[in-house]
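Here is a short briefing on the structure below.

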Amino acid sequence: MGKTIKPEDLKCPLPITGHDTIQLSHGSGGRMSNELISKLFVWAFDNPALRKQDDQAVVEVNGLKLSFTTDSFVVDPIFFPGGDIGDLAVNGTVNDICMNGATPLYLSAGFIIEEGFPLKDLQAIVISMKRAASEAGVQIVTGDTKVVNKGKGDKIFINTAGIGLIEHGYDISSSNLKAGDAIILSGTIADHGIAVMSKRENLSFETPITSDTASLNRLVAEIVRVGGVHAMRDPTRGGVAATLNEFAMASHVGIRIHEDRIPVKPAVAGACEILGLDPLYVANEGKLVAVVSPDKAEAVLAAMKKHSLGVDAVIIGEVVSGQSGMVSMTTRIGGQRIVDMPVGEQLPRIC
Amino acid sequence: MKYLDEFRDPKIARKLLDEITAAITKPWVIMEVCGGQTHAIIRNGIDQLLPQEIELVHGPGCPVCVTPLEMIDKALDIASRPNVIFTSFGDMLRVPGSKKDLFVVKSEGGDVRMVYSPLDAVKIARKNPDKQVVFFAVGFETTAPLTAMAVWQAHQQNIDNFSMLVSHVLVPPAMEALLGSPDNRVQAFLAAGHVCTVMGWEEYVPIAQKHKVPIVVTGFEPVDILEGILMAVRQLEDGRAEVENQYARVVKREGNRPAIEVIRKVFQVTDRKWRGIGEFPRSGFALRSEFEKYDAEKRFALGDISVEEPPECISGLILQGLKKPYECGEFGRRCTPQTPLGATMVSSEGACAAYFAYHRQKDDSVEKN
């Protein structure tokens, strides 16, 4: 018989600072999310796969290496320029599965639907999921449906989980960065976050801004084929800044990026200016950051540029030694600054 | 980006830096008044690129930072009440009162909503006649026309369930107070471009003359700031004390007349307390008596709230340009953006938050090539 765990045994070794209750910022993908995950979930469920804190776990079953992940989608609005909660739920999980080079195979889909939700909207979402799954080459093989009382949920929440097969021999993880590695970004940043925000807040811009939601598994396959890839991640909530900070902390290295190389669409940059947001911290849903050994960097870049989701790929920086856990940036005018982990959601400024 | 890229051009920035270096013969202390400028300076690393003779000190121009703790506690009190929809600009939601912030009130069930414009709060009031809708009217002259317009619209449309918690502050009286202080170190100002967009720059002329201090109305892009510094340095080196306008593409001498008109219609000048610094005479806006019914303090009969600032927080000294964030014993230790002791750390435009996010230490903590 195993040891019985008493409630008093469950005392976190490190206190979660700041708040006694869960705040929105605990789910923002920034410092507060990170603290909650590390100090509560990882501490409680501790095991070697979880401890890596990648967006997916690598598990072995009968000699097969599997990539396993889950993600919940609570986006508001549920329909936005360039996509909806359905394709987001498929693409987001496909992307999490494949960021270690796995081939995504099967997904589950769990729906939590608020009473009174229009059936035609649910149909549109499900058709969108079917299309996204087909484009990614995955099958949705199991699911669950719950309906909650009116007012007890916000229209619809979707959870997707997924598994994929790892057939290559590389170890691709956020803890594998090495000094000298190149940081490659697959394209323009902040498109998804600004598209959703502009729809949510009824902001309209001269040039329409659409979400970049897309499945990245085929682009990932091209990268893995070239080799030399040490880490990959899709920079969703918290943006590129959070992803780079997570890499730097997990690998105990420094990262330096160059402001003038970071691609931002003019309309998105303009929207960020108006709202007082830094595009580095805004969410993406169809982009990836790859960390690649210097001898393979140009070849990986060339392979990415041949793919429709990587045509704007660019080397934005490099891994450096001596600045463990820190991301810094050479500004456009030649200054230096830290790119810090976001604390919570970015808040539009007063003036 | 059209109209912006030229103000971020590294070649123009380098040329301006060379001109500043060529013009300077001795040390000068220049204050950028606006938190947005502080943010731009630190974010672009401008302070590291300037010749060492120039010391930039950071002014009180962060609206979140200078909103008194008592006023935030009043906001928290109103937002916690049933049947209230409390609206605010995003910046204010994470600013700590003496016990919590508006996000915590929201997590406790308060109906707290972020809006991009006070006019949106009026719309919410129109759609929710059974609720009291309150807008937290903070900010400098920059936001005052919009908040004035919100009250004016509510008045015109007979919307009775709308009110505002008013904590507007005015920049020129604060500059005067800093210059009149025996501790003052400021020798020239970069005046806040956005404020001058509304109010113009005529009111700065008597300040420059009386205190013999150059004032350069300055924008927010790297090239704007470097050009503003160059204009200030040239005045200092020449022994001149004039008001000059670097931000002429946006700012007119007389300001924005319709904006000023709506402000005057709705607000009157009043004495106002600035968080961490104290009360300055005639340094804020309050609702005129004919718009008293839109005053949330009166509508909710809040009375006076008295609260203590954490004694170890030196936000007030930082806002007056007397200390730098890294001179605080708690900076980056007990006081971080996640656990702020004072508003200069929590506001995205606060000097402490800017140093924490971009620099951390006194000297370049970011290793260079």
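In this predicted model, 46 residues from chain B and 42 residues from chain A make up the contact between the two chains. About 3800 Å² is buried between chain B and chain A, and carbon and sulfur atoms give 59% of that area. Arg94(B), Tyr116(B) and Gln338(B) supply 19% of the area that chain B buries against chain A, more than any other three residues.

- Two salt bridges are found across the interface of chain B and chain A.
- One of them joins Arg8(B) to Glu273(A), with the closest N and O atoms 2.3 Å apart.
- Seven residue pairs are in polar contact between chain B and chain A, counting pairs with both residues at pLDDT 80 or more.

**The side of chain B that touches chain A**

- Helices that each supply at least two residues to this side include H1 (10-23), H2 (35-44) and H3 (46-49) of chain B.
- Helices H4 (63-66), H6 (102-107) and H17 (351-358) of chain B also supply at least two residues each.
- H6(B) gives the largest share, four residues.
- By class, this side of chain B has 22 nonpolar, 13 polar and eleven charged residues.

**Ala124(A)**

- Ala124(A) sits in helix H4 (residues 119-136) of chain A.
- Its relative accessibility is 32%, so Ala124(A) counts as partly exposed, the class between under 20% and over 50%.
- Leaving out residues up to four places away in sequence, Ala124(A) touches Phe79(A) and Asp84(A).
- Gly86(A) is 38 residues from Ala124(A) along the chain, and their C-alpha atoms are separated by 8.3 Å.

**Aromatic pairs**

- Over all chains, the count is ten aromatic pairs.
- Phe267(B) and Phe285(B) are stacked, because their ring centres are 5.5 Å apart and their planes lie at 10 degrees.
- This pair links distant parts of the chain: Phe267(B) is in strand E10 (residues 267-274) of chain B and Phe285(B) in strand E11 (residues 278-287) of chain B, 18 residues apart.
- Phe267(B) and Phe285(B) are both buried.
- Phe331(B) and Phe356(B) are edge-to-face, at 6.2 Å centre to centre with 80 degrees between the planes.
- Phe331(B) lies in the loop between helix H15 (315-319) and helix H16 (343-346) of chain B, while Phe356(B) lies in helix H17 of chain B, 25 residues apart.
- Phe331(B) is buried, with a relative accessible area of 9%.
- Phe356(B) also counts as buried, at 9% relative accessibility.
- Phe140(B), Trp274(B) and Phe280(B) are linked into a cluster by ring pairs.

Terms used. Residues numbered from 1 in each chain as written. Chains lettered and ligands numbered in written order. Predicted model: local features only at pLDDT ≥ 70, side-chain atom pairs only at ≥ 80, totals over all residues. Heavy atoms only, no water. Contact = heavy atoms within 4.5 Å. Buried area = accessible area lost by both parts, 1.4 Å probe. Salt bridge = Lys/Arg side-chain N within 4 Å of Asp/Glu carboxyl O. Polar contact = N/O pair within 3.5 Å; in protein donor to acceptor, adjacent residues only side chain to side chain. Nonpolar A, V, L, I, M, F, W, Y, C, P; charged D, E, K, R; others polar. Buried < 20%, exposed > 50% of the residue type's maximum accessible area, 1.4 Å probe, protein only. Phe/Tyr/Trp six-rings, centres within 6.5 Å; stacked < 30°, edge-to-face > 60°.
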